[in-house]
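I am keeping short notes while I look through one protein model. Each entry says what I looked up and what I found.

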Amino acid sequence: MAFTADDRTEITELISMHGHLCDSGDLDRLEELFTPDVVYDVTDFGQEPLLGVAACAAAARAVGELNPVGHHVTNIVLTEAAGDRVHARSKGLGVNADGTVGSVTYEDTVVRTPHGWRISHRTVRAHRTPLGGRL
């Protein structure tokens with residue numbers, strides 16, 4: 001099936017919706033974003049990968065008040081892959097309650113499902129040094 005402009009719009013909105021659901025505490029709606037068996041790789045933060053939507057919601061609840069108050073996504077780049085799959089790369093900014101900000105890159109595999117596009121794998125990479133550490 002051809003990757004269309006409508007697909008691009010739907011996937012961009014899917015990625016953007018992550019921040020809205022998390023910031024409003026609607027963690028019971030994460031199945032609108034992720035496949036049931038999603039792999040959410042947060043090893044860059046010293047954690048084991050989260051396996052499944054329930055594990056993602058439980059992890060966010062466990063972090064509690066240390067969660068960012070604002071998740072902002074930008075610079076979404078989509079690349080078509082084989083078999084109704086798309087590679088998405090985007091930047092994320094997390095604004096904390098104390099005003100500090102963190103920056104990440106999201107590397108997503110997005111798949112077409114009977115319920116629409118969903119993220120099946122997400123790797124979150126923290127930015128800790130300028131220019132990717134290539135100074």
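**Entry 1: the record and the outline**

I started with the UniProt record, an unreviewed entry, which lists residues 5-123 for "domain: SnoaL-like". The model I am looking at is predicted. Over residues 5-123 I read 25% helix and 45% strand.

Next I looked up the elements of the protein chain and found two helices and six strands. From the N terminus on, they run α-β-β-α-β-β-β-β. The radius of gyration is 15 Å, close to the 14 Å that the globule rule gives for 135 residues, so the chain is as compact as a globular protein of that length. I noted the span of the C-alpha trace along its principal axes as about 45 × 40 × 25 Å.

I also looked up burial and contacts. Buried residues make up 34% of the 135 residues. Of the contacts between residues at least 6 apart in sequence, 47% join residues at least 24 apart.

**Entry 2: the nonpolar core**

Which residues touch the most other members of the largest nonpolar core? I found I11, L30, F34, Y40, L78, V86 and V110, in a core of 26 residues. At least two residues of this core come from each of α1, β1, α2, β4, β5 and β6 (116-126). As background, I wrote down that nonpolar side chains tend to be buried together in soluble globular proteins.

I then picked I11 and listed its contacts. Leaving out residues up to four places away in sequence, I11 touches F3, L78, V86, V110 and W117.

**Entry 3: helix α2**

Which residues of α2 are buried? They are V53, C56, A57 and A60. Looking down the axis of α2, I see these buried residues fall within an arc of 95 degrees, so they line one face of the helix. What covers them includes β1 and β2 (50-51). The face turned away from the buried side carries the exposed residues A54 and A62.

**Entry 4: salt bridges**

How many salt bridges does a search of the whole structure find? The search finds eight. I wrote down the general point that side chains of opposite charge can pair when their charged atoms come close.

D7 lies in helix α1 (residues 5-23) and R112 in strand β5 (residues 101-113), so the pair ties together parts that are 105 residues apart in sequence. I checked both partners for burial. D7 has 5% relative accessibility, under the 20% cut-off, so D7 counts as buried. R112 is partly exposed, at 26%.

Another salt bridge joins the side chains of D28 and R61, at 2.9 Å from N to O. D28 lies in the loop between α1 and β1 (34-41), and R61 lies in helix α2 (residues 53-63), so this pair ties together parts that are 33 residues apart in sequence. D28 counts as exposed at 60% relative accessibility, and R61 counts as partly exposed at 45%.

I also looked up R89 and E107, whose side chains meet in a salt bridge at 2.7 Å from N to O. R89 is in strand β4 (residues 85-95) and E107 is in strand β5, 18 residues apart, and the pair links distant parts of the chain. R89 is partly exposed, with a relative accessible area of 46%, whereas E107 is buried, at 18%.

**Entry 5: positive phi angles**

I noted first that most residues other than glycine have a negative phi. Then I looked up some positive values.

G64 follows α2 and has a positive phi, near 55 degrees. N75 is not a glycine, yet its phi is positive, about 55 degrees. N75 is found in strand β3 (residues 70-81). Is N75 buried or exposed? At 51% relative accessibility, N75 counts as exposed, since the cut-off for exposed is over 50%.

L131 is not a glycine either, and its phi is positive at about 55 degrees. L131 lies in the segment after β6. L131 is exposed, with a relative accessible area of 64%.

How values were computed
Residues are numbered from 1 along each chain as its sequence is written. This is a predicted model: local features need pLDDT of at least 70, side-chain atom pairs count only at pLDDT 80 or more; totals for chains, interfaces and linings use all residues. Side-chain values use heavy atoms; hydrogens and water are left out. A salt bridge is a side-chain nitrogen of Lys or Arg within 4 Å of a carboxyl oxygen of Asp or Glu. Helices (H or I, at least four residues) and strands (E, at least two) are DSSP runs, numbered from the N terminus. Buried means under 20% relative accessible area, exposed over 50%, partly exposed in between (1.4 Å probe, protein chains only). UniProt positions are given in the numbering used here, feature names are shortened, and annotations may be inferred rather than shown by experiment. A nonpolar core is a set of buried Ala, Val, Leu, Ile, Met, Phe, Trp, Tyr and Cys residues joined through side-chain atoms within 4.5 Å. Contact means heavy atoms within 4.5 Å. The arc is that of the directions from the helix axis to the C-beta atoms. The radius of gyration is taken over C-alpha atoms; the globule rule is 2.2 Å times the number of residues to the power 0.38.
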